Amino acid sequence: MVRKPNIAFARNLYQAYCIRCKSLCRELRMPQTAFDILMFLANNPDYNTAKDIVELRGFKANLVSVNVERLVREGYLDRSEFPGDRRKTVLACTPKAQPIIERGWQLQESFFQDIFQDVDEASREIFHRVMEQVDRNLNGIMKRNE
């Protein structure tokens, strides 16, 4: 019998991450969504438009728009025209954002250490290989059903 995944797993993972981020966001006086946008752009440099953030993070477009505007105004993000399509805007983290990103990376590393606590290295490797295969399967399903 195939075990069904716990439906709450993804939600629990995200909520635990938000709880971990809360004190840093409070210290920075930065909403979680703004912090998430900065970290998304820092961690995924090939996905650098508001549309990418909306599609890949699942944030509502208006929430991304408001927070991107705030990050630009506060000097953490720059906007520039997308080469070949001036309707698109490329977002880039500024040097001012770097200390926040560094702290975010430390927080993320600590978070991953905690969620994999008591999981041996061999099991971690299996987990990562299984997740990569599941991702390939999901992409195949989506391509077949476009």
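**Exercise 1. At what angle do helix α1 and helix α5 pack, and how far apart are their axes?**

Let's work through it together, keeping in mind that this is a predicted model.

Step 1. Find the two helices: α1 covers residues 9-28 and α5 covers residues 98-115.

Step 2. Compare their axes. The angle is about 145°, and the axes lie 11 Å apart. The crossing of this pair is right-handed.

Step 3. List the residues that meet. From α1 these include L13, Y17, L24 and L28, and from α5 they include I100, L107, F111 and I115.

**Exercise 2. Which residues lie nearest the centre of the largest pocket, and how many residues line it?**

Step 1. Start with the space itself: the largest pocket holds about 1000 Å³.

Step 2. Look at the lining. It has 21 residues, and those nearest the centre are L13, R57, F111, F112 and M131.

Step 3. Ask which elements supply two or more of the lining residues: they are α1, α2 (32-43), α3 (50-57), α5 and α6 (121-144). The most come from α1, which gives 5.

**Exercise 3. Is N67 buried or exposed?**

Step 1. Locate N67 in helix α4, residues 61-73.

Step 2. Check its relative accessible area, which is 6%. Buried means under 20%, so N67 is buried.

Step 3. Look for its partners. Setting aside neighbours within four places in sequence, N67 is in contact with P31, T33, A34 and I37.

Technical notes: Residues numbered from 1 in each chain as written. Predicted model: local features only at pLDDT ≥ 70, side-chain atom pairs only at ≥ 80, totals over all residues. Heavy atoms only, no water. Axes fitted to C-alpha atoms, helices over the stretch in contact; angles between N-to-C directions. Helix = DSSP H or I, 4+ residues; strand = E, 2+ residues; numbered from the N terminus. Left-handed = near helix turned anticlockwise from the far one by under 90°. Contact = heavy atoms within 4.5 Å. 1 Å grid on protein atoms, 1.4 Å probe; cavity = no way out; pocket = protein on both sides within 12 Å on 5 of 7 lines; lining within 4 Å. Points joined across faces, edges and corners; volume = space filled by probe spheres on them. Buried < 20%, exposed > 50% of the residue type's maximum accessible area, 1.4 Å probe, protein only.
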